Amino acid sequence: MLTRTQRAVRMGAAAAVLLLLAAGTVWGDDEHFPFGPFRMYSTRNDPNGTVNVVKIRARTVTGEIVSLRPRTLGLRPAEVNGQITRHVDDSVLAAKLARAYRAFDLEPPLEKLWLLHGFHQLRDGRAVDYWEEVRGTWSRT
Amino acid sequence: MEQDVAGGRGLIARIQRWWFAPQPLGRVAVLRTLVYGFVIFDVFLVRPWVALHGTVPGALYRPLAIGDLLGLPTPTPLLVAVVKAALVASACAALVSRRARVAGVVVFALYLEWMVIAFSYGKVDHDRIAFLVALAVLPTAGAARWGERRATEAAGWALRCIQVGVVVTYFASVFAKARFGGLDWVTGATFMRAVLRRGSGLVEPLLEEPGLLVAGQVLLVAFELLSPLLLVGGRVGRAMVAVAFGFHLVTGLAIGIVFWPHLVCLLAFLPLERIRPVALAAGRRRSYASQITGGP
């Protein structure tokens, strides 16, 4: 049997955590982890809008064009998406990604790196078209 | 006075009875094994990428509010290696301890830091709250061993907290959808985005069936709104637990996202105290002995 104090401490802790979670749900964002809102897949895509996919492509010193998976740079795909919203200039992010490539000692060295957005055009919820745009570029100087 | 609170009729007494309803220590013991075992499994197999964040350039580090508040340092290869080793060592200590008090508190603190290292690079996962709650409350439940049927209030409170953490994860996500996606989230194309970005071969045919994906969105929100029924127990509670496991199975097969730590906590709704490996082994030995001696 718990004492009155032990109960009070436990109830206080439970209430504090629930209040913080409620506050995070109403006002918080991901940066307030672990009390931020549970926003997995919470944004809405317009059934007649676009779905975008971020891609990293590079040209090596041997002239080969390669697609780089975020994981090879120590990042998850969603982390690259998250970094985009934090960078006003995608070329700055492209340069940082090139630095990550070097930090992991990946071979062969890169000459150029492009950050691309692929767009799936939706019509009535169905994907009907796809195109890509270059959003940021880094070149070896 | 204690008796008064526990036996009273007021709202507070009723709330307390619900939070402190005694539950078997055997369930706490099994959960401790699963939770501390999962920490090791998580570090090496589920999220091995966390360790890579030490090598990612510090320029890509954007600390969470808690990292700023506690003045946590920017991850480096050395820092990540030290935290990783200490986390695994303390999880091993908690696994072999019957009380898991000191080791459990250390695991909680280090795992929280591990999460800060994980989530400070542009993406936060939302499958952690029940697991962090479990790490925080399991050290408070006292000594426990597998198969122990004795029920205590301390075990009851700890298990209730984990269960509430699971329910909050589902229920509060409805409000996040309303806040970030709008009230018309259910009629949008969010599931289509998920399938386009990460869909497995199994769900490729759904690219041609947006109506089914919208129906899936409606069902998801319905399940999340009904998730407090997980707490009522009985047939309804068991059915909800089955639906929850089914939902995570489908999500894993469809888009490769599995809420592993959350699933460990979902097990807190099951009568884990019935797992008695010692009795099972003894029973097996007895039946083997009776076979070779031809006894009854």
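## A bridge in the chain A sheet

I56(A) has L115(A) in β3(A) as its bridge partner. The structure is a predicted model, in which local features need pLDDT of at least 70 and side-chain atom pairs count only at pLDDT 80 or more, while totals for chains, interfaces and linings use all residues. Residues are numbered from 1 along each chain as its sequence is written, and chains are lettered from A and ligands numbered from 1 in the order in which they are written.

I56(A) also stands opposite L68(A) in β2(A). Helices and strands here are DSSP runs numbered from the N terminus, with at least four residues of H or I for a helix and at least two of E for a strand. Two strands pair if DSSP finds at least two bridges between them.

## The four strands together

The open sheet of chain A has four strands in the order β2-β1-β3-β4, with antiparallel pairing. Its edge strands are β2 (65–68) and β4 of chain A, each pairing on one side only. From one strand to the next, the twist averages 30 degrees (axes are lines fitted to C-alpha atoms, for helices over the stretch in contact, and angles run from 0 to 180 degrees between N-to-C directions).

How many bridges join β1(A) to β3(A)? There are 11, and these two strands run antiparallel. β1(A) and β2(A) pair in the antiparallel sense over four bridges, and R57(A) stands opposite S67(A) in β2(A). The hairpin formed by β1(A) and β2(A) leaves four residues between them, and G63(A) in the turn has a positive phi of about 90 degrees. Across β1, β3 and β4 of chain A lies α3(A), which runs at about 75 degrees to β4(A).

## Where chain A meets chain B

The contact between the chains takes 49 residues from chain A and 56 residues from chain B; two residues are in contact if their C-beta atoms, placed from the backbone, lie within 7 Å. Several elements of chain A supply at least two residues each to the side that touches chain B, among them α1 (4–27), β1 (50–60) and β3 (110–123). The largest share of that side, seven residues, comes from α1(A). By class, the side of chain A that touches chain B has 21 nonpolar, 12 polar and 16 charged residues. In this scheme Ala, Val, Leu, Ile, Met, Phe, Trp, Tyr, Cys and Pro count as nonpolar, Asp, Glu, Lys and Arg as charged, and the others, Gly among them, as polar.

One helix pair spans the two chains: the axes of α1(A) and helix α9 (residues 153–181) of chain B come within 11 Å and cross at roughly 15 degrees. That angle makes α1(A) roughly parallel to α9(B) (under 35 degrees counts as roughly parallel, over 145 as roughly antiparallel, 65 to 115 as roughly perpendicular and the rest as oblique). On the α1(A) side, the contact is made by R10(A), A14(A), L21(A) and T25(A), and the residues of α9(B) include W157(B), V168(B) and F175(B). This contact has eight nonpolar, one polar and one charged residues.

## Inside chain B

Chain B holds 14 helices and two strands, and its C-alpha trace spans about 65 × 60 × 50 Å along its principal axes. Buried residues make up 41% of its 296 residues; a residue is buried if 20 or more other C-beta atoms lie within 10 Å of its own, exposed if 12 or fewer, and partly exposed in between, with C-beta atoms placed from the backbone.

Helix α7 (residues 102–119) and helix α8 (residues 129–137) of chain B have axes that come within 8 Å and cross at roughly 150 degrees, which makes α7(B) roughly antiparallel to α8(B). V107(B), F108(B), Y111(B) and L112(B) in α7(B) meet L132(B), L135(B) and A136(B) in α8(B). By class, that contact has seven nonpolar, no polar and no charged residues. Eight of the nine residues of α8(B) are buried, so α8(B) is largely enclosed by the rest of the structure. Its cover includes α3 (25–46), α7, α9 and α13 (260–266) of chain B.

## A closer look at V83(B)

V83(B) has its place in helix α6 (residues 77–96) of chain B. Is V83(B) buried or exposed? With 21 C-beta neighbours inside 10 Å, V83(B) counts as buried. Leaving aside residues up to four places away in sequence, V83(B) touches L110(B), E113(B), W114(B) and I117(B). The C-alpha atoms of V83(B) and Y111(B) are separated by 8.7 Å, with the two residues 28 apart along the chain.
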